[in-house]
Amino acid sequence: MTLKRRRTSHKPSAVHDQQTLYGLCGSPGIVVGKVVVVHHHPEKTRRYTLQTDELPAEVERFQAAVTRAEKELLELKNQFSKGFAEALSILDSHIQMVQDAMIIEGTITLIEQDGLNAEWALSHILGDIRAKFDRIQDVYIKDRFADIEYVVSLIFGQLAGQQQDLLSATDKPVIVVSDDFSPEDTLRMQANNVLGFLTEKGGLTSHTSIVARSLGLPAVVGLDKITSKCTTGETVILDGFSGRVYLSPTRDQQKQFSEYRRQHRVFSDELAGYIHLASETLDGLRIRLSANIEVLHEMQAVQKYGAEGIGLFRSEFDYFQQAEPPDEHSLCAGYSKLLAGLAPDPVTIRTLDVGGDKFAARIRNSDLSLEYERNPALGLRSIRFSLKEPELLMTQLRAMLRASVHGRLRLLLPMISSFNELRQVKHLLQEVMAGLERANIPFDPDVEIGIMIEVPSAVVMADTLAAEVDFFSIGTNDLIQYSLAIDRGNESVAHMYEPLHPAVLRMISQTVSAGHAQGIEVAICGEMAGDVVTAPVLLGLGVDELSMRPSAIPHVKRLLRHSCSRQLAELGVLALKCADGVEVRNLLTRYLPTYYPEEFGDQCRNVNS
Ligand code: PEP
Ligand code: MG
């Protein structure tokens with residue numbers, strides 16, 4: 001069952017189902033636009049029709065693909081020396097074939113007369129040719145069909161290749177579609193006129209989704225076979241709030257979604273009124289609402305949405321914006337800017353957290369020692385990787401410490417699973433501090449050190465670990481993954497990824513108790529901190545800080561300001577007693593409308609999902 005929030009209930013009702021695809025809400029927002037399918041497989045081509053005024057451009061697109069396929073063959077031919085006569089003659093025949101009238105003119109006629117997209121027209125022509133060859137008895141001639149298929153595949157490749165280029169350099173805003181995108185693709189998209197994206201793979205807390213949310217790029221992920229269900233040039237509505245995608249919507253549907261988008265804008269304007277208010281409950285309990293960011297330029301968003309500092313700076317993106325890892329100087333410059341810009345608020349910088357679904361391919365291709373792993377989530381991830389590359393870690397620690405004089409630094413260590421790891425990092429930190437002292441470089445010797453609680457062993461050992469650090473930050477994205485044994489990026493098990501599973505809630509509660517017993521603060525920086533349905537439960541479990549994407553802060557703050565600490569605590573106690581996530585959601589279905597009628601009011605209902 002799902003708990004529906006009031007604000008998402010203006011859903012247009014007249015959208016018909018044949019054209020509606022259901023995925024996961026990768027990143028909120030609604031966009032309407034033409035799609036570009038990347039890594040498109042010709043054999044999965046989908047038919048769609050174009051408007052008359054769109055046909056010349058489609059023919060041009062097809063002809064450009066043919067020209068590029070021919071160029072590809074000519075370049076290949078130039079690479080062969082004269083000695084390969086047979087290969088050269090095959091290439092020559094392919095070069096002739098690529099301009100074959102039956103293929104080219106047949107395809108163009110289908111585009112122009114029937115208003116079909118190029119991929120479909122081409123595959124239709126290929127089907128006709130195949131039927132003709134099937135009737136031929138001569139085995140030699142029959143076999144020539146393989147050459148035609150090959151040449152046509154080159155044209156398909158070029159049609160897809162044009163789409164690849166569109167990802168990096170599109171002048172018209174588009175929605176990009178692929179089986180998967182990496183977090184870095186997502187960063188590139190933002191700079192490249194991309195309206196949003198759709199993927200087959202991915203989950204709610206896969207890093208690609210997190211980055212998309214952070215950049216405000218609408219996305220729907222986990223869409224079964226989306227690359228074969230839509231085709232480049234087709235118009236779609238991407239609804240990142242509900243995880244739905246509408247293929248080839250009617251003008252009426254588009255109008256309805258514009259209205260829906262307008263209502264969201266009105267709601268956002270209303271929330272803006274909360275930005276400068278204190279983040280406290282009705283009875284005065286202060287909760288720090290801080291920001292999760294990935295790149296430096298998001299600092300503006302931190303200020304814009306009224307975050308009280310940064311609860312999580314995912315420093316890994318600095319490492320993969322260019323070919324070489326950044327040096328101490330450039331890291332220090334970036335960190336200093338963050339610290340000075342947000343002082344006196346704290347800035348929590350996490351040491352490099354790579355591996356798993358984050359930049360693993362990039363590291364494997366670099367000089368660093370990350371081999372292909374069969375089980376990357378349980379492999380050389382995060383702090384394990386940093387400890388294997390101590391020079392890399394020490395450079396980062398040195399940059400952080402040097403920046404610490406510019407504001408309030410909190411240094412955060414990811415995925416600590418044993419006391420020994422913490423001890424090793426502390427040892428390296430002391431070495432770095434001693435080096436800075438020797439070189440007379442100023443730094444804050446009392447910099448706060450915290451660890452992320454992301455694996456069950458850290459929860460179990462939280463009392464021991466708490467005595468050694470200044471704060472805890474619970475990474476629920478990973479804690480859920482590791483405690484429920486659900487790959488956070490795997491769409492096949494995404495339905496089992498339950499943040500409100502009582503096992504997860506008990507772990508959070510245990511961590512909070514262990515931290516408070518040692519007098520240290522406990523924050524949550526996983527995605528559930530920024531969700532208005534789950535946030536009340538976290539507050540009820542006694543956390544001191546919620547860190548989330550900056551744009552989520554006003555909404556959570558509004559909720560907080562309508563809360564009463566005693567009621568939240570009662571909710572926490574009741575949630576811990578539940579048998580499973582369904583029970584917790586049932587509990588919330590009763591609780592939320594009662595205490596937040598404005599927010600969840602009469603629209604709150606149970607729905608089977
Ligand atoms: C988490 O695991 O909850 C977290 C915040 O870290 P990341 O999402 O970067 O793994
Ligand atoms: Mg994590």
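**Entry 1: the sheet.** I began with an open sheet of 8 strands, in the order E2-E9-E8-E4-E5-E6-E7-E3 with mixed pairing. Strands here are DSSP runs of at least two residues (E), helices are runs of at least four (H or I), and both are numbered from the N terminus. Strands pair if DSSP finds at least two bridges between them. Strand E2 (20-22) and strand E3 (24-27) stand at the edges with a single partner strand each, so one side of each lacks a neighbour in the sheet. I then looked up E8 (residues 235-239) and E9 (residues 244-247), which pair in the antiparallel sense over 4 bridges. Leu238 has Val245 in E9 as its bridge partner.

**Entry 2: the model.** I note that this is a predicted model, in which local features need pLDDT of at least 70 and side-chain atom pairs count only at pLDDT 80 or more, while totals for chains, interfaces and linings use all residues. Residues are numbered from 1 along each chain as its sequence is written, chains are lettered from A and ligands numbered from 1 in the order in which they are written, and side-chain values use heavy atoms, without hydrogens and water.

**Entry 3: the magnesium ion.** I found the magnesium ion (ligand 2) coordinated by Glu454 (OE) and Asp478 (OD), at 2.0 Å. Glu454 lies in the loop between strand E14 (448-453) and helix H17 (456-460) and Asp478 in helix H19 (residues 476-484), so the pair ties together parts 24 residues apart in sequence. Donors are N, O and S atoms within 2.8 Å of the metal (3.2 Å for Na, K and Ca); water is not among the atoms, so sites may look incomplete. Glu454 counts as buried because its relative accessibility is 2%. Buried means under 20% relative accessible area, exposed over 50%, and partly exposed in between (1.4 Å probe, protein chains only).

**Entry 4: salt bridges.** I looked up Glu328, whose side chain meets that of Arg398 in a salt bridge (2.8 Å, N to O). Arg398 lies in helix H15 and Glu328 in helix H12 (residues 328-342), so this pair ties together parts 70 residues apart in sequence. Glu328 also forms a salt bridge with Arg402, with the closest N and O atoms 2.6 Å apart. The term requires a side-chain nitrogen of Lys or Arg within 4 Å of a carboxyl oxygen of Asp or Glu. By this rule I record 22 salt bridges. Glu328 is buried, because its relative accessible area is 16%, whereas Arg402 counts as partly exposed at 24% relative accessibility.
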